Amino acid sequence: MNDSSAASPDDPPEISSANAVNSTLSGWGNYPKVNCTVHFQRQVDALRNLLVEGDVMSSIPRGLGRSYGDSSVNQDGVLVQTPRNRLLALDEKTGCLTCEAGVSLEEVIQCVLPKGWFLPTTPGTKFVTIGGAIAADVHGKNHHRDGTWGQHVKRLSLMVADGTIMECSAHQNSDVFWATVGGMGLTGIVLEATIQLMRVPSAYVEVTQRRASNMFEAFDLFLETDEQYKYSVAWIDCLSSRNKLGRSVLLSGNDAEVTSLKPKQAKSPWKLPAKRAKSVPFEFPGLAMNQLAIRAFNGLYYRKHGNRQMLMDFDSYFYPLDSINHWNRIYGKRGFVQYQALFPRDCSREAMVKLLQIISKSGQASFLAVLKSSGPANPGMLSYLFDGHTLALDFPFRGEKTIRLCHQLDQIMLEFGGRVYLAKDALIGADTFAAMYPRLDEFKQLKHRLDPLTKFRSCQSDRVGITEPR
Ligand SMILES: Cc1cc2nc3c(=O)[nH]c(=O)nc-3n(C[C@H](O)[C@H](O)[C@H](O)COP(=O)(O)OP(=O)(O)OC[C@H]3O[C@@H](n4cnc5c(N)ncnc54)[C@H](O)[C@@H]3O)c2cc1C
């Protein structure tokens with residue numbers, strides 16, 4: 001497990017002081033790249049000294065750098081939390097896990113799955129830290145049933161700007177708790193947390209795979225099956241047009257009971273089949289991701305995935321992209337941006353059709369896009385999801401052309417009351433962000449109370465106007 005979004009091997013970091021290096025950092029999309037002073041402090045006292053007495057003007061915590069844009073990047077200081085990676089306690093009866101915030105979801109799974117527990121919800125990669133999961137209030141394929149990550153955090157400890165450690169939960173310092181959940185590292189450093197895990201009968205999902213010949217059919221399938229299935233996700237071909245616009249493959253699933261497993265699997269139901277990840281060895285030339293290649297891939301994917309029932313292990317169902325290390329390199333040196341759109345349920349069909357029409361016309365291809373259903377919002381001030389549907393799109397970064405396209409998509413979002421996800425965003429402007437997040441002022445007031453000198457900021461928080469640009 002490594003932070004592969006950090007400086008490339010041909011760009012050796014320059015040591016500036018004890019436990020600090022100067023390095024070029026980005027998020028998973030490799031855009032933008034920013035020169036930062038990066039600190040690796042695992043001791044709480046050392047972190048406090050850095051914040052209170054150090055000469056660091058401002059900083060932002062960082063996990064495994066799996067947010068796509070500039071959420072965990074700040075030229076003044078980046079506080080890498082992965083050295084703080086101890087699992088502290090697991091109550092095997094209740095499924096309460098306490099650990100340091102630098103522990104990755106992969107490490108949690110390795111520890112708890114053999115005992116019949118799994119993550120309460122999971123993003124599409126397990127190379128995410130507990131701190132990153134809380135800060136982005138991540139969601140998975142079961143949001144319509146189980147909500148976001150933050151709703152399963154029983155408590156957390158937070159180091160705020162003056163070095164004080166605050167104990168927070170939905171009942172204690174609850175305003176700080178709900179600002180930290182989804183607060184993108186801007187309230188302070190999550191040091192450790194207690195998470196309520198979820199019991200699972202096995203490490204497998206019983207999956208029903210169905211093809212929808214266009215976007216409308218895909219929505220109907222979601223509607224029919226949201227009640228019936230715990231997990232659901234659809235892969236959409238967003239280069240198809242006219243009556244095939246939004247054709248997709250829907251994968252709905254429930255946890256597989258031991259009785260559904262093959263005899264060999266049933267002997268150790270929580271054991272994941274061993275797999276060796278493949279790797280993309282270098283950044284592809286930018287041309288590799290042209291529209292023709294993406295169209296051919298999307299078409300092939302759709303044709304290969306017919307209607308059927310199957311058993312999938314957790315790795316294959318939840319983390320298909322993790323089987324290829326460094327897959328972000330296929331977008332080349334200029335990187336890519338992810339645009340995740342969320343629309344209210346009552347207008348999401350109409351809005352997404354408009355979105356797809358613009359993309360299809362723009363000639364800027366997105367690899368298979370991901371469509372998910374979402375349930376009610378939680379009290380997180382900057383938490384992303386509310387009741388509706390989300391569509392996540394990847395665009396190879398082509399400078400002004402991509403920026404213009406994303407701003408065009410922003411207009412559709414504003415027209416339909418939608419919003420973008422900070423964990424994926426690299427481009428949105430301050431006015432658009434303010435229009436999308438009505439509780440922004442409340443968050444800013446709380447941040448000012450905790451952090452009057454703006455010690456915590458990121459390139460993203462300056463860009464979207466959560467903090468005043470320096
Ligand atoms: C392939 C892929 C699939 C994904 N799928 C999903 C998905 O399905 N659903 C979803 O919700 N997200 C998804 N994501 C996004 C990802 O889950 C989030 O961006 C997550 O926050 C990344 O965690 P990280 O540890 O890499 O943190 P980073 O990317 O390093 O940081 C993310 C944010 O967390 C803050 N942060 C990190 N550690 C701490 C800490 N200890 N204290 C306070 N703040 C902290 C940072 O300041 C930053 O604002 C996906 C990402 C990838 C690459």
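A polar side-chain atom of Lys372 lies 2.9 Å from an oxygen atom of the ligand. The ligand taken alone exposes 960 Å², of which the protein buries 97%; accessible areas come from the Shrake-Rupley method with a 1.4 Å probe, and for residues only the protein chains shown count as cover. The model is a predicted one, in which local features need pLDDT of at least 70, side-chain atom pairs count only at pLDDT 80 or more, and totals for chains, interfaces and linings use all residues. Residues are numbered from 1 along each chain as its sequence is written, and side-chain values use heavy atoms, with hydrogens and water left out.

**Ligand surroundings**

The elements that give two or more residues to the shell around the ligand are strand E4 (60–62), helix H3 (130–136) and strand E11. Helices (H or I, at least four residues) and strands (E, at least two) are DSSP runs numbered from the N terminus. Helix H3 provides the largest share of the shell, four residues. In total, 35 residues surround the ligand, and the closest are Pro61, Arg66, Ser67, Thr129 and Tyr421; a residue is near a molecule if one of its heavy atoms lies within 4 Å of it. The shell divides into 17 nonpolar, 14 polar and four charged residues. In this division Ala, Val, Leu, Ile, Met, Phe, Trp, Tyr, Cys and Pro count as nonpolar, Asp, Glu, Lys and Arg as charged, and the others, Gly among them, as polar.

**Helix H1 and its cover**

In helix H1 (residues 44–52), Leu47, Leu50 and Leu51 are buried, where buried means under 20% relative accessible area, exposed over 50% and partly exposed in between (1.4 Å probe, protein chains only). Seen down the axis of H1, the buried residues fall within an arc of 95°, so they line one face of the helix; the arc is that of the directions from the helix axis to the C-beta atoms. An α-helix has 3.6 residues a turn, so residues three or four places apart point the same way. The cover over the buried residues of H1 includes strands E3 (34–39), E5 (78–80), E9 (153–159) and E11 (189–196).

**Gln338 and its partners**

Gln338 lies in strand E19 and counts as buried, at 8% relative accessibility. Its side chain makes a polar contact of 2.5 Å with that of Asp394 and another of 2.7 Å with that of Lys424. A polar contact is a pair of N or O atoms within 3.5 Å; within protein, one must be able to donate a hydrogen and the other to accept it, and residues adjacent in sequence count only if both atoms are side-chain atoms. Leaving aside residues up to four places away in sequence, Gln338 touches Tyr68, Ala392, Leu393, Asp394, Lys424 and Asp425, contact meaning heavy atoms within 4.5 Å.

**Backbone features**

Met184 lies in the loop between helix H5 (174–180) and strand E11, and His326 in the loop between strands E18 (324–325) and E19 (336–344). A cis peptide bond, with omega about -10°, joins Tyr31 and Pro32.
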